[in-house]
Amino acid sequence: MDYYLVCFVISLCLTLTFAFKESSKRTVHMCLYFIFTSISILGLWQRNEAVSLEEAILATRIAYIGECYSSLSIVFIILYLCKIKITKKIRALIVIISSINFSICLTIGRLPYFYKSMQLLFDGQKYVLIREHGILHTLFFALLFALYAMCNIMLFTSIRKKRDISVKIISIVLSVMGLGLLCYIVQHLFLNMEIMPIWFTASSIIFFIIDEKLNLYSIDRPVIDSFLKQNSIGVVAFDKNYRYLGCNACAKEIYPQLSHLIVDYKIDTEDPELTELYSWIQFFQRDIKSEFYFKQGDSYYKVVFNHLYSANKIKGFQLMFTDCTEEKNKESNLIKISITDELTKLLNRRAYEEEINKIQSDGIPEDFAIISFDLNGLKKANDTKGHAAGDELIIASANCLNGVLEQYGYVYRTGGDEYIAIVLASEDQIKDAFMEINVRSKLWEGKYNSGLSISKGCASHEEFPDYTLEQLEKEAEQRMYKDKTKFYVESGIERRRV
């Protein structure tokens, strides 16, 4: 098999594989290099197979197209590998040099400057193209070698001065450049055949391997990809005009409303499914808030807004969705523990004070009432039957009060045998609740005790419309103590023993 064909098939396979593989660090110039090396080998192969001068001239032009722009691609690949930043003017100058070279090649067969003469002769086995070089040919290779020299200078300089690049990769690229020069010299001085296809193929294989290595040496994209995958982060992006740019699958899974968006279209503010999303964006655009929390089912999610950058310029903004269910549950558990009484599982004094402060700021509702409770007989139970009996009474009274009043509000344990309830209920409802508490208390029977006795006192906003919360609390407490005194009198138990 013709070695030209072998080189072309290998180069083409590498190009197609590179084009379709997943590579987070793929650059435009690396893609172009694979394409132009394949074109160059194709041109050399077709020139070798040509049976007419016209075919040979056309194939030569094709070969030089690949050679001109594969060289340009190598320059930009090396700039990228060496992390060298150049100005737009220098970048334009490099492109102009390659374009001049390409323009020179277009004169082949038309003007006697690149090749003074071209003949296709049959040597008994195949047709051979005989060329006499002209002045433009010398200029072409002078410009080409200038680019290659610049590449080698950048490579050597980077090895000496830069610590954040791979010396191994740069050394390999230097070897590729040296091999290319060697092939050119050997071809023109010692051999009567084209061996540049071998160099093009070898360089394509080496750059293919280098591209694989770049994913490991680069930090930003692999780290971001790994972070997004491991932490199940959803990302959605918009431009400055609220036009939807796209999102990843995780974002749609977390926030299904995104399926209503259409790429390149603005958010439909009339769509009720997108009202929440639009309000978030409005807050962010006005610099009011850059993160939000929302709940979907039993899960909690955090939405963080950031500007979307391209070439260090703000092009829009992006939302990042993260699952914070575990974090929220831990936070909720900690809050719950901090405001929950360990023995009775009722809310504690801290929770009561937080609720009072909230009502103070929001305003007292019309049907608001505070009820003060105190357990009777606790000291006697502790002294005569032990603390297990006392705990039994505390738990039983808490269950009794909460069971009756939970439909109206919350019961708080604010002391050893003291409770306060905050309810929204009418006076008739509170009277009925007191009667039910009395019935449940008398019917209750525990392991150490039989029956409960709870003193009660209520003060409502309906009864005392001009009272503050503090005054209502004191009034409820005073009424509770009156009820407690009544209990002592009716039971004949000395108060100091209770």
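A search of the whole structure identified 33 aromatic pairs, a pair being defined as rings of Phe, Tyr or Trp (its six-membered ring) with centres within 6.5 Å, classed as stacked when the planes are under 30 degrees apart, edge-to-face when over 60 and tilted for the rest. Phe18 and Phe34 form a stacked pair, with 4.7 Å centre to centre and 20° between the planes. Because Phe18 lies in helix α1 and Phe34 in helix α2 (residues 28–49), this pair ties together parts that are 16 residues apart in sequence. Helices (H or I, at least four residues) and strands (E, at least two) are DSSP runs, numbered from the N terminus. Phe18 and Phe34 are both buried, where buried denotes under 20% relative accessible area, exposed over 50%, and partly exposed in between (1.4 Å probe, protein chains only). The rings of Phe238 and Tyr244 have planes at 55° and centres 5.9 Å apart, so this pair is tilted. Phe238 and Tyr244 are likewise buried.

The structure is a predicted model, in which local features need pLDDT of at least 70 and side-chain atom pairs count only at pLDDT 80 or more, whereas totals for chains, interfaces and linings use all residues. Residues are numbered from 1 along each chain as its sequence is written, and side-chain values use heavy atoms, with hydrogens and water left out.

Lys456 lies over the face of Phe434, at 5.9 Å from the ring centre; the criterion for a charge over a ring is NZ of Lys or CZ of Arg within 6 Å of the ring centre and within 35 degrees of the ring normal.

Side chains of opposite charge can pair when their charged atoms come close. The search of the whole structure returned 12 salt bridges, each requiring a side-chain nitrogen of Lys or Arg within 4 Å of a carboxyl oxygen of Asp or Glu. One of them links Arg349 to Glu353, with 4.0 Å between the closest N and O atoms. Both residues belong to helix α12 (residues 349–362), where Arg349 and Glu353 are four residues apart, about one turn of the helix. Arg349 is partly exposed, with a relative accessibility of 33%, and Glu353 is also classed as partly exposed, at 41%. Lys358 is partly exposed at 46% relative accessibility, whereas Asp362 is exposed at 56%.

In helix α16 (residues 469–491), Glu475 and Arg479 are placed four residues apart, about one turn of the helix. Their side chains meet in a salt bridge, at 3.1 Å from N to O. Glu475 is buried, with a relative accessible area of 16%, while Arg479 is partly exposed, at 26%. Through salt bridges that share partners, Glu463, Glu475 and Arg479 are joined into one network.

On the surface, Val6, Ile10, Ile205 and Ile209 form a nonpolar patch with about 290 Å² of accessible area together. Accessible areas come from the Shrake-Rupley method with a 1.4 Å probe, and for residues only the protein chains shown count as cover. Patches consist of residues with over 30% relative accessible area and no salt bridge, like charges being joined within 9 Å and nonpolar side chains (Val, Leu, Ile, Met, Phe, Trp, Tyr) within 5 Å. Helices α1 (3–20) and α7 (196–217) each supply at least two residues of the nonpolar patch. Ile10 is located in helix α1 and is partly exposed, with 34% relative accessibility.

Ser397, in helix α14 (residues 387–405), is buried at 0% relative accessibility. Leaving aside neighbours within four places in sequence, Ser397 is in contact (heavy atoms within 4.5 Å) with Leu375, Tyr419, Leu452 and Ile454. Ala421, in strand β11 (residues 418–424), is also buried, with a relative accessible area of 0%. Not counting residues up to four places away in sequence, Ala421 touches Ala369, Ile370, Ile371, Phe373, Leu405, Tyr410 and Val411.
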